[in-house]
Each structure stands twice: as C-alpha cells, then as structure tokens.
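Good morning, and thank you for making time for this presentation. Please look at the sequence and the structure as I bring them up.

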Amino acid sequence: MPVTKNVSITAVVASRQLIAPNYHTVYLERPAQFNYAAGDWIDLEFSPAVQGGRTYSLSSSPTEPQLAITFRAGMSQLKQRLASLQSGDGATIVQYGNDYGFQLKPTKASTLIAGGVGIAPFRSMLKNLVDTNGRADVQLLYLNSNDDFLFRHEIETWQQQLSNLRVEYIVTKDLSRKKREKHIASLLNDTNRQFYIAGPPGMVANTQTLLSSIKIAERDIKTDIFGGY
Ligand SMILES: Cc1cc2nc3c(=O)[nH]c(=O)nc-3n(C[C@H](O)[C@H](O)[C@H](O)COP(=O)(O)OP(=O)(O)OC[C@H]3O[C@@H](n4cnc5c(N)ncnc54)[C@H](O)[C@@H]3O)c2cc1C
C-alpha cells in the first residue's frame with residue numbers, strides 16, 4: 001500500500017504477549033476500515049509523548065482480525081512503554097503503508113532474508129499466503145543470533161500447507177562473517193528471484209553487499225531497515 005500520512009487513528013491494545021525471552025507481540029484491535037497489505041508498517045504515537053523509534057512492521061496478516069507488532073524489549077522510553085502496554089490502553093497510528101515496494105510479487109519467485117525481529121513483515125506475508133491459498137514460490141532464510149526463532153512453530157505449520165515454501169534457520173552466534181556469508185550464498189543457487197531483506201541496519205547492509213557480489217541486480221532487492229538498534 002502507498003504511505004498514508006497525517007492520520008490519527010486510535011488503536012486499542014487487545015493484549016501483549018511475551019513470545020520469546022525479550023520479545024513481545026502487542027495485539028491491537030483493528031480500527032474500523034483500516035486496510036493494509038502484508039509487509040506494511042505503522043508509525044505509532046503515545047500520549048503523553050514518548051521518545052524513541054516508532055515505526056513497526058505489522059507482523060499480522062490483513063486476513064487476521066487484529067493488528068500485531070513484534071519487537072525486542074529495549075531501553076528507550078518507547079520500548080518501555082510498549083513492553084508495559086495492557087489491554088484497553090490506547091495508541092495512535094499517525095502514518096502507515098509501505099514506500100519501498102516491500103510486498104510479495106505474485107508472479108515472481110521470492111527469497112525473504114530475515115535478521116532477528118526482521119521476521120515480522122515476513123510473518124505477515126506468509127500468513128497472508130496461507131490464508132489466501134497462495135501458490136507463490138517462497139524461500140525464507142531466517143538468521144538469528146540464537147535458537148529462539150520467533151514464530152518458528154507457526155512457520156513450520158504453514159510449511160505443511162504451502163508446498164512451495166522452503167525455510168532455512170541459521171543460528172549466527174558461532175559463525176564468523178565469512179562462514180555465515182558462505183552458507184547464505186550456498187543457499188542462493190537460483191538468482192532469478194525477487195529478494196527481500198529485513199532486520200537491523202548492519203545485517204541489511206551486509207546482506208545487500210553479499211547479494212550484489214553474486215550479481216543480483218539492485219532493482220531485485222527490497223529492504224526494510226529496522227533503524228534504531
Ligand atoms: C520500516 C521499519 C520497520 C520496522 N519494524 C520493526 C519491527 O517490526 N520491530 C522492531 O522491533 N523494530 C522495527 N523497526 C525499528 C524500530 O522503529 C526502532 O527503531 C527499533 O525498534 C529501536 O527502537 P528504540 O530506539 O525504541 O529501541 P531501543 O532498543 O530501546 O534503543 C535503541 C538503541 O539506543 C540505546 N538506548 C535507548 N535508550 C537509551 C537510554 N535511555 N540510555 C542509553 N541507551 C539507550 C539502546 O541501547 C540501543 O542501542 C522498524 C523500523 C523501520 C524503519
């Protein structure tokens with residue numbers, strides 16, 4: 001969806017769940033007539049105002065009844081506020097959409113590369129595929145520092161429904177950069193695909209460089225850079 005700016009949409013917190021050590025998902029009641037596409041983000045504000053990063057990919061799919069955002073607990077005021085939200089609390093969506101074409105192309109095979117909480121927009125895309133009986137050819141490379149892969153159980157269930165979904169889980173904590181890149185490159189033998197990268201800035205930049213080194217054209221790489229880490 002294109003970006004919709006300067007809105008003030010109240011979203012009421014339905015619940016908050018600790019989904020892994022240090023990671024939360026906040027579920028928001030879906031505001032009336034709030035339409036979005038899988039891969040979109042929202043900008044959230046709170047009253048009284050809190051400082052800190054405020055753009056969050058929607059980890060929910062448009063096919064689900066609630067909106068969801070997923071984040072790592074942090075020190076900023078905003079993170080502390082997010083991590084203490086309770087059912088019934090209010091937040092304001094001030095902007096939402098997607099300005100980088102971060103959406104699956106139904107006619108082209110895709111490779112999604114997630115770094116940590118960068119899995120959020122990909123959860124949205126995969127759940128949307130499941131719920132719409134999508135047949136798209138999708139490869140997910142999911143890099144995480146440890147074994148606590150968010151949404152792993154759901155993704156494994158969806159794999160049984162999506163015959164064209166392949167997933168590789170890559171624990172990075174014991175891999176040197178060279179070994180990690182060699183491993184990722186070995187999984188990218190089909191380069192005629194649309195590539196999507198989401199995660200912290202360093203991970204996105206390193207992965208972009210790696211894709212360029214194996215001759216993936218810039219136009220075939222879409223990124224969601226989770227600034228602020
Ligand atoms: C398109 C887009 C989509 C995004 N989607 C997501 C998403 O789905 N999930 C997600 O988690 N993030 C997402 N982000 C990133 C998000 O917007 C935040 O930038 C990020 O979560 C960091 O937020 P923070 O600054 O509140 O966090 P923190 O983790 O609290 O802080 C970031 C850094 O500042 C330091 N810091 C903060 N406060 C203090 C303090 N008081 N004293 C000392 N040091 C401090 C921390 O140590 C850390 O290094 C997205 C960003 C974009 C642009």
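In what order do the five strands of the open sheet stand, and is the pairing parallel or antiparallel? The order is 9-8-7-10-11, and the pairing is parallel. Strands here are DSSP runs of E with at least two residues, and helices are runs of H or I with at least four, numbered from the N terminus; two strands pair if DSSP finds at least two bridges between them.

A word on the source: this is a predicted model, in which local features need pLDDT of at least 70 and side-chain atom pairs count only at pLDDT 80 or more, while totals for chains, interfaces and linings use all residues. Residues are numbered from 1 along each chain as its sequence is written, and side-chain values use heavy atoms, with hydrogens and water left out.

Strand 10, residues 194-199, pairs with strand 11 in the parallel sense over five bridges. Within this pair, Phe195 stands opposite Ile221 of strand 11. Helix 5, residues 201-213, packs on the sheet and touches strand 7 (110-115), strand 10 and strand 11, contact meaning heavy atoms within 4.5 Å.

I turn now to the ligand. Polar contacts are pairs of N or O atoms within 3.5 Å. A polar backbone atom of Thr55 is 2.7 Å from a ligand oxygen atom, and a backbone N or O atom of Met75 also lies 2.7 Å from an oxygen atom of the ligand. For Lys79, a polar side-chain atom lies 3.2 Å from a ligand oxygen atom.

Note on methods:
Axes fitted to C-alpha atoms, helices over the stretch in contact; angles between N-to-C directions. Polar contact = N/O pair within 3.5 Å; in protein donor to acceptor, adjacent residues only side chain to side chain.
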